[in-house]
Amino acid sequence: MEWETVIGLEIHAQLATRSKIFSGAATVYGAEANVQACAVDLGLPGVLPVLNAKVVEMAIRFGLAVNAEIPSRSVFARKNYFYPDLPKGYQISQYEHPIVSKGRIDIKLEDGSTKTIGITRAHLEEDAGKSVHEGFGNFTGIDLNRAGTPLIEIVSEPDMRSAKEAVAYMKKIHSIVRYLEICDGNMQEGSFRCDANVSIRPKGQKEFGTRSELKNLNSFKFVELAINHEVERQIDILESGGKVIQETRLYDPNKNETRSMRSKEEANDYRYFPDPDLLPVEIDKETIERIRSTLPELPDAKKQRFMDEYRLSEYDSEILTANKDMAAYFEKAIQSADGEAKLCANWIMGDLSAVLNRENRDIMESPVTPEMLGGLILRIKDNTISSKIAKEIFEAMWDGEGDAGTIIEKKGLRQVTDAGAIEKLVDEVIVESPAQVEQYQNSTPEKQGKLIGYFVGQIMKKSQGKANPEQVNELLINKLKTD
Amino acid sequence: MHKKNIAELVQVLQHRDISSVELTRLVLERCTNINQKLNCFISITPEHALLQAKLADEKINQGNAGPLTGIPIAQKDIFCTDGVKTSCGSKMLDNFIAPYDATVVEKLNNAGMVMIGKTNMDEFAMGSSNETSFYGPVLNPWDMDRVPGGSSGGSAAAVAARLVPVATGTDTGGSIRQPASLCGITGLKPTYGRISRYGMIAFASSLDQGGPMTRTAEDAALIMNAIAGFDERDSTSAENPVEDYTQHLNNSIAGLKIGLPKEYFDEQLNPDIGRIIHEGVKELEKLGANVKEISLPGSKLSIPVYYVVAPAECSSNLARFDGVRFGYRCNDPEDLSDLYCRSRGEGFGREVKRRIMIGTYVLSAGYYDAYYLKAQKIRRLIRDEFRQALSKVDVIIGPTAPGPAFRINELLDDPITMYLSDIYTVSVNLAGLPAISIPAGMLGGLPVGMQVIGNYFAEPRLLNIAHRFQQVTHWHKLAPAGFD
Amino acid sequence: MLLHKSDIDKIAWLARLAIAEHDVSNYTRDLSNILDLVEQMDQVETGEIEAMAHPLEIPARLRPDEITENNQKDHFQQVAPAVKNGHYLVPKVIE
């Protein structure tokens, strides 16, 4: 039977505030255990929550960015359950009246088409603390520094049909929250994480199958692996005549498998009710418009502009604008490169991205600044250097040897464009390669195009890469002509 | 000295007839002695008190004294007091030294008051007799076989027995007014949001409100001046401007429109109580007030509604008592569930467990609409009825409690009848209105309180009426035999 | 509403309250009685009435995003039943 996968994601993004959602304690990551847990975060008897204004503004920014309605009134509710990292025995969240209601975003599929994914809602809630299982013998240690950190939970419609679509959606949301500067997007530190609801159904069937909820998906790679694994598991069950049961499953990246968390699921009854310590949040039209006016250019709009303004392909524009910082880097580099958009794009997506990846660094902390890259591209464009030499200069810039001009002079890498000097090299190579010359001259023009590469290679070698390749090409073709 | 009220003590202190330290020593001694009989304190805090008294004397000597400087006060043990045990009447918090001050405590400290101790109360303020306290029942100074009411029973008994001129209370369904009525003192439950709830251990967040318990309305006004007002740490704190509550005490009440709800005077009310309230109202009529009958049909449902809303909120509010970060923790828990279930099972008393379980039930899947949501809808009906009534009359008057103080153990095993003793008080909490109970007569040697309910933020009016009433009556001046 | 022993077991578990076996019948009786009292609410038709969750009908007041709390870990942990290396301790949790 052919199966169809149905996926919905619940993304938790930590909002980048200075203080917590309901208290004035700091939210900095990585502090010593419990030093950032104040009386309110600890749920001491008698304490009360007071909502952080920034959190509301950030949620509205998100809502507007995903074309969502912002209801005039939203309500905080208590989700009641006992867990050691949940100090009050309830989590303050939103239930019936979230701050952001229906929205949607577009994602790009592999075949180049666009698909719209619905967003059911996004609501505000407080994060829990952390349980530390190692180092306490027969005990678990509880660190409540993270308790009360603001989260926005973004719930999608079950609109995705493959793990790849789910990843594309998650990447798009990641890109949006970073553009909006409401979340640092740091997945290692858990600032951006997701749960996936996965089910399968026979292709063509309307009703959804029974879903399982996959927890602990804290990288794009794991989302893809976990969903694919879960789909396989469900197919195996159904094809062997079994039934999928609705449950929460934890993904284990080390073993690439999911396992049931039935213990946590047991008798779940969260007893949501409006939090009587907090009054409804009211948001008027003026506030929404004020916030709308401060929204930055978002990925889709920027992509379109890159296509229009810089004449870049959709593919290039998509990659460059997926990351706000990369897009900014690109636009700065162009300014120093006399508008050479395509070359800038190629360098950023090629050499720069490769070395950033290799060294695991952020584009913002690249030792090759956009101005330096732009300067390098200018030297290519004005024929001072060849593309090949440019790569060598780029590596030297990365290693801190200065800007392109300095390196070119220091290493004598200026391109040879003197016609006499180039002709001398061409003649030398022709003399040294009689067999190749004969083969060339007896070939069809089409084949000649390929064979000429040999001569060019030899000449570049002799010139240590400095000969202007176009001049070399032109001269060779003339000299090798038989008639 | 113990016979004096706040207004009188201020005079004595300001004239340096006695220092605050001397006064505090007298009060501490009297409290320590009498507490052995009445059990109205959970903690008496001499060191803390004498330190504050010394500071008060410095202020007085420097001429910087305020209207409450050096005056002794007792705090209900529901208010967190930095460095002092704050038990909430529960084994759960028997070992809890609060690491911070409640806003109310902070404000009274700043006003220069001297805290003598923390008063006994029903466990987590759940009870109407003070018998649910882990620390044992408080005895009513008027008859030591009887309860003082609850949950602020220790505060009421301490003020009635002339141990302190004022104690704080909290009122979720009548917990200031009912014990004030049963002990013959003045108890004001302010408008919801008027007094900060920060640091006041929550029972039912949408109903809880702190307030003063004093002998006179004038003293209540002085305390209100210190504790009322907006608090940025409490999201449910009202930003309405605070008035000087003493300013209108002596205003005439001629033309005052009083509504008497017929439902408050039906066959369920002890006829003697009804007679006393009518006599009290007559006194007000003599002062120029006009009386008319009104109807609050929804008030009949206030007890059912209350026993959904309050337990629902309490079941969630009390979830934080889990033996992990503070409070009671069971011995040698086998695992996490055992830690939770036994710490809570052993740390909470029977009435608290009943209410947590009721609250858990009415919020649980399948029952939420039939109980919780239904109750919140009727709550609106009750509130709207009050609003409508208060657009036609200035205040509503009725009994505070259906009878005088009952005997210890009389209702302990009958929760339903115990719940019904709040029948005239809970609707006020559901609506969030202010109300005051003032002594209005005696029945068989026991005091009877009259309840005056006002519109939102009408505390000055309530205090004015109570004060004028106290100028022409002597009920508030009566002291129980042996405590005068 | 007449509750059964199984209801009490379920509620007590949700509320994490250990109830002694011999006491379950008492709670069953008390809670059933309380629910009977509460069910007087059924006398009123409440169809379209909006629920009133709170007596204050004003919108939430928001606080500025400022750090106002400093580290009081040691102070707060003085009242904690079990602490090690700055962590609160609970019996080992198996996830």
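This is a predicted model: local features need pLDDT of at least 70, side-chain atom pairs count only at pLDDT 80 or more; totals for chains, interfaces and linings use all residues.
Into which domains is chain A divided? Chain A is divided into domain 1, covering residues 3–287, domain 2, covering 297–411, and domain 3, covering 419–482. If we take the centres over C-alpha atoms, domain 2 of chain A and domain 3 of chain A are separated by 32 Å.

Let me turn to the contact that chain A makes with chain C. On the side of chain A there are 50 residues in this contact, and chain C brings 34 residues to it. Between them, chain A and chain C bury about 3700 Å², and 60% of that area lies on carbon and sulfur atoms. Three residues, A:Phe82, A:Phe136 and A:Leu279, supply 15% of the area that chain A buries against chain C, which is more than any other three residues give.

As for charged pairs, the count between chain A and chain C is 1 salt bridge, and you can find it where the side chains of C:Lys73 and A:Glu32 meet, with 3.2 Å from N to O. Across this same interface of chain A and chain C, 23 residue pairs are in polar contact, with both residues of a pair at pLDDT 80 or more.

Which elements of chain A give two or more residues to the side that touches chain C? They are α1 (39–42), α2 (53–65), β8 (139–143) and β15 (281–282) of chain A, and the largest share, 5 residues, comes from β8(A). Sorted by class, the residues on this side of chain A divide into 29 nonpolar, 12 polar and 9 charged.

If we now widen the view, we see an open sheet of 4 strands in the order β7(A)-β8(A)-β2(C)-β1(C), with antiparallel pairing. Why is one side of β7 of chain A and of β1 of chain C left without a neighbour in the sheet? Both β7 (130–132) of chain A and β1 (83–84) of chain C stand at the edges, each with a single partner strand, and so one side of each has no neighbour there.

Next comes the contact between chain B and chain C, which takes 69 residues from chain B and 51 residues from chain C. The area buried between chain B and chain C is about 5300 Å², of which carbon and sulfur atoms give 69%.

How many salt bridges are counted between chain B and chain C? The count is 7, and a salt bridge is formed by the side chains of B:Arg387 and C:Glu57, at 3.7 Å from N to O. There are also 19 residue pairs in polar contact across the interface of chain B and chain C, again with both residues at pLDDT 80 or more.

On the side of chain B that touches chain C, at least two residues each come from α9 (302–317), α10 (336–347), α11 (350–363), α12 (369–392), α13 (415–420) and α14 (426–431) of chain B. The largest share, 13 residues, comes from α12(B), and by class this side of chain B has 37 nonpolar, 11 polar and 21 charged residues.

Let me finish with a few local details. A search of the whole structure finds 70 salt bridges over all chains, and one of them joins B:Arg355 to B:Glu351, whose closest N and O atoms are 2.7 Å apart. Because B:Arg355 and B:Glu351 are 4 residues apart in helix α11 of chain B, about one helical turn separates them.

Also in chain B, the peptide bond from B:Gly150 to B:Ser151 is cis, with omega near 10 degrees, and B:Ser151 has its place in the loop between β3 (114–119) and α5 (153–160) of chain B. In chain A, A:Asp338 has a positive phi of about 55 degrees although it is not a glycine, and A:Asp338 is found in the loop between α9 (324–336) and α10 (341–359) of chain A.

How values were computed:
Residues are numbered from 1 along each chain as its sequence is written. Chains are lettered from A and ligands numbered from 1 in the order in which they are written. Side-chain values use heavy atoms; hydrogens and water are left out. Contact means heavy atoms within 4.5 Å. Buried area is the accessible area (1.4 Å probe) that two parts lose on being put together, summed over both. A salt bridge is a side-chain nitrogen of Lys or Arg within 4 Å of a carboxyl oxygen of Asp or Glu. A polar contact is a pair of N or O atoms within 3.5 Å; within protein, one must be able to donate a hydrogen and the other to accept it, and residues adjacent in sequence count only if both atoms are side-chain atoms. Ala, Val, Leu, Ile, Met, Phe, Trp, Tyr, Cys and Pro count as nonpolar, Asp, Glu, Lys and Arg as charged, and the others, Gly among them, as polar. Domain bounds come from an automatic or database domain assignment. Two strands pair if DSSP finds at least two bridges between them.
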